[in-house]
Amino acid sequence: MKALAVLAPGILVLLFTLVQKSKGECKEALVKSTMNLNMQYQLPNFTAETPIQNVVLHKHHIYLGALNYIYVLNDIDLQKVAEYKTGPVLEHRDCFPCQDCSHKANLSGGVWRDNINMALLVDTYYDDQLISCGSVHRGTCQRHVLPPDNIADIKSEVHCMYSPQVDEEPSQCPDCVVSVLGTKVLLSLKDRFINFFVGNTINSSYLPDHSLHSISVRRLKETQDGFKFLTDQSYIDVLPEFRDSYPIKYVHAFESNHFIYFLTVQRETLDAQTFHTRIIRFCSADSGLHSYMEMPLECILTEKRRKRSTREEVFNILQAAYVSKPGTQLAKQIGANLNDDILYGVFAQSKPDSAEPMNRSAVCAFPVKYVNEFFNKIVNKNNVRCLQHFYGPNHEHCFNRTLLRNSSGCEVRSDEYRTEFTTALQRIDLFMGQFNQVLLTSISTFIKGDLTIANLGTSEGRFMQVVVSRPGLSTPHVNFHLDSHPVSPEVIVEPLNQNGYTLVVTGKKITKIPLNGLGCGHFQSCSQCLSAPPFVQCGWCQDKCVQLEECPSGTWTQEICLPTVYKVFPTSAPLEGGTTLTICGWDFGFRRSNKFDLRKTRVLLGNESCTLTLSESTTNTLKCTVGPAMNEHCNMSIVISNGRGTTQYSTFSYVDPVITSISPNFGPKTGGTLLTLTGKHLNSGNSRHISIGGKTCTLKSVSDSILECYTPAQITPTEFPIKLKIDLANREINSFSYREDPIVHEIHPTKSFIRHVSIALIQR
């Protein structure tokens with residue numbers, strides 16, 4: 001892996017946010033000391049013929065479900081091992097799934113359709129087999145038996161998972177699994193049987209008697225030629241009259257202990273225009289879905305204000321989710337155990353009355369045990385509502401019923417009904433608003449030592465790795481532009497000891513990214529370098545961030561950062577002092593704990609102290625006030641000490657500003673005369689003020705030897721001294737004479753040709 005320094009199309013908004021916070025004073029130093037976001041890396045990757053929808057990893061092989069294709073790659077360098085063409089497919093209303101319709105190609109009603117890969121799963125119970133469900137053939141699936149001696153072979157034995165239902169109604173097609181509008185499929189092994197839990201987005205294009213269901217559980221037949229519903233309660237459907245006005249998007253599905261969970265985005269109510277995120281839960285052994293419950297999830301950002309008031313922002317639309325265990329540090333911070341499942345989600349704020357996300361994101365972690373406890377706490381309360389989009393407002397379940405369910409268990413009575421809770425489970429953004437100007441589209445996590453690391457992707461194709469920590473102080477230690485396409489929510493993490501990696505999908509491309517980081521070259525300052533997580537193994541060597549083996553001089557350190565000065569302004573001050581000195585650079589106040597601390601920082605001008613203004617100083621900017629000096633000094637050394645070392649910068653001078661002449665010496669009492677003061681060191685210090693007769697002469701321009709200003713008006717014609725104040729220095733020069741305003745009595749001539757002519761103003 002080799003890093004190439006090139007310019008990306010644009011810098012991430014996060015960098016601009018930092019520059020804005022610097023108020024523009026030291027923005028160049030900030031940019032030079034900030035992580036290089038324009039790095040590109042040579043990483044193993046594969047580009048498919050068409051967009052990739054799904055990815056699974058099985059026995060060192062990567063299986064990709066793409067539009068009209070299934071690919072098999074090796075997991076070393078992502079070289080293609082095999083491919084299988086799944087489309088386009090000729091479909092006809094008289095053709096059943098799995099039936100060859102080629103003989104109907106010339107008949108009316110025949111349509112060639114692309115096959116979108118809607119689900120890709122691996123089953124190892126019967127045989128090692130890859131199950132692929134596509135958008136054609138009414139959403140049915142195929143299984144590719146993987147031979148033990150060549151599991152990359154997805155062509156030799158392919159079976160269609162469809163069999164006509166002889167004893168069931170035509171509309172009941174348990175083999176019709178997925179919806180082209182969106183689907184999430186979860187495979188679960190229970191009591192020697194394989195169950196498929198499916199959430200589908202459906203609308204009016206799926207007729208009421210169509211066989212696809214909103215949410216369902218079905219069992220794989222032992223003959224493996226299709227599925228069966230165990231009861232007539234094994235599925236729930238949004239009522240036909242609500243399917244267009246109340247779409248449900250199934251974002252993620254997972255299993256934890258004895259429960260199945262789906263995460264959705266949908267309208268808050270049937271009549272609402274606003275959208276929110278919900279979590280659905282039911283027991284994995286509940287074939288009738290009687291234990292079905294759902295409630296809102298909210299990821300929030302709180303901001304404390306004066307008088308103890310708190311502003312709360314809700315990030316309402318889930319973009320992606322991932323379930324894994326926490327590291328030791330995060331587990332302590334969120335009150336979880338190391339074996340607890342944690343649901344991580346990236347949420348966005350939506351546009352008003354829309355499910356379309358804006359570039360404002362947050363990351364929240366929900367321990368699954370807390371989700372279950374919340375379900376238990378709110379059951380039997382007054383915040384229970386009937387699922388009207390499933391039942392309709394007039395169904396018996398929606399009035400005059402008392403909820404009796406013990407929500408913590410799976411032993412439910414058959415007459416109990418599915419329930420919606422209106423109270424939202426809230427968690428706070430782990431990164432405290434750090435991603436509030438970017439749209440996150442992907443998340444996964446892994447553990448390194450005691451740390452939990454998140455892989456994050458954005459809508460602009462950027463990839464980041466960042467330590468997940470409750471105080472929200474972490475910033476990404478990996479951040480680069482991966483592709484021009486958004487990062488897909490479909491992601492694989494393989495946490496091997498030293499060679500762990502994540503597989504990231506962007507459009508037609510899949511990339512293998514190491515979990516140990518991408519080296520150290522993108523860290524441009526010492527403090528950034530030493531703040532990287534320990535497992536990245538970065539240290540500072542000869543003004544560069546490198547790993548130990550890359551440091552030839554033996555000066556590699558992971559402990560000490562000396563301040564670096566990039567620019568100082570102003571570069572001179574009058575002898576009287578009082579000038580505020582701004583020192584731009586980086587690594588000011590750095591501590592290994594990643595906390596900003598200036599208590600041991602000192603600034604000296606020669607041997608004299610420059611008093612720090614702590615409230616205005618940052619890691620990139622030091623503000624201090626210079627004292628007086630007896631004599632002029634040129635190129636004095638500015639010495640910055642942080643208790644562990646010093647840095648010198650020699651461009652500062654004490655000077656004696658002098659006014660040698662003014663021009664003109666007089667002007668009208670109305671004012672507005674452009675007055676020029678000539679002298680030396682007139683641009684020293686921070687600020688300058690010129691006054692005549694106690695009134696301000698408005699500055700036009702400033703240079704070392706010339707000041708220009710517009711004279712103020714005076715009431716009577718008289719003489720006033722000219723006073724110049726530069727910080728604490730005061731200078732005075734000969735008087736400026738105000739005279740009566742000139743009077744024009746005549747203009748001659750009064751007319752002319754079109755061409756230029758001189759006009760004389762005659763004053764008496």
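Which residues is Asn195 in contact with, leaving aside its neighbours within four places in sequence?

1. Basis of the note. This is a predicted model, in which local features need pLDDT of at least 70 and side-chain atom pairs count only at pLDDT 80 or more, while totals for chains, interfaces and linings use all residues. Residues are numbered from 1 along each chain as its sequence is written, and side-chain values use heavy atoms, with hydrogens and water left out.

2. Asn195. Once neighbours within four places in sequence are set aside, Asn195 is in contact with Leu186, Leu187, Ser188, Lys190, Val217, Arg218, Arg219 and Ser284, where contact means heavy atoms within 4.5 Å. Asn195 belongs to strand E15, residues 193-200; helices (H or I, at least four residues) and strands (E, at least two) are DSSP runs, numbered from the N terminus. Asn195 counts as buried because its relative accessibility is 5%, the classes being buried under 20% relative accessible area, exposed over 50% and partly exposed in between (1.4 Å probe, protein chains only). The side chains of Asn195 and Arg219 are joined by a polar contact of 3.3 Å, that is, a pair of N or O atoms within 3.5 Å; within protein, one must be able to donate a hydrogen and the other to accept it, and residues adjacent in sequence count only if both atoms are side-chain atoms.

3. The second largest pocket. The second largest pocket holds about 1100 Å³ of space, and of the 30 residues that line it, the closest to its centre are Val56, Leu186, His252, Ala253 and Ile492. A pocket here is an open set of points on a 1 Å grid over the protein atoms alone, where a 1.4 Å probe fits, with protein on both sides within 12 Å along at least five of seven lines, and lining residues have an atom within 4 Å of a point. Grid points are joined across faces, edges and corners, and the volume is the space filled by probe spheres set on the points. Strands that each supply at least two lining residues include E4 (52-58), E14 (183-190) and E19 (249-256), while E34 gives the most, with six residues.

4. Nonpolar cores. The largest nonpolar core has 43 residues, and those with the most contacts inside it are Val363, Phe435, Leu440, Ile443, Leu456 and Phe523; such a core is a set of buried Ala, Val, Leu, Ile, Met, Phe, Trp, Tyr and Cys residues joined through side-chain atoms within 4.5 Å. Strand E31 (residues 451-458) gives the most to this core, with four residues. A second, separate core of 30 residues includes Leu263, Val265, Ala321 and Leu425.

5. The chain as a whole. The chain has six helices and 57 strands, and 52% of its 764 residues count as buried. Of the contacts between residues at least 6 apart in sequence, 56% join residues at least 24 apart.

6. Backbone points to check. Cis peptide bonds join Gly87 and Pro88, with omega about 0°, and His748 and Pro749, with omega about -5°. Pro88 lies in the loop between strand E7 (80-85) and strand E8 (89-91), and Pro749 in the loop between strand E56 (746-748) and strand E57 (760-762). Asn68, which is not a glycine, has a positive phi near 70°, and Asp587, also not a glycine, has a positive phi of about 65°. Asn68 is buried, with a relative accessible area of 7%, and Asp587 counts as buried at 3% relative accessibility.
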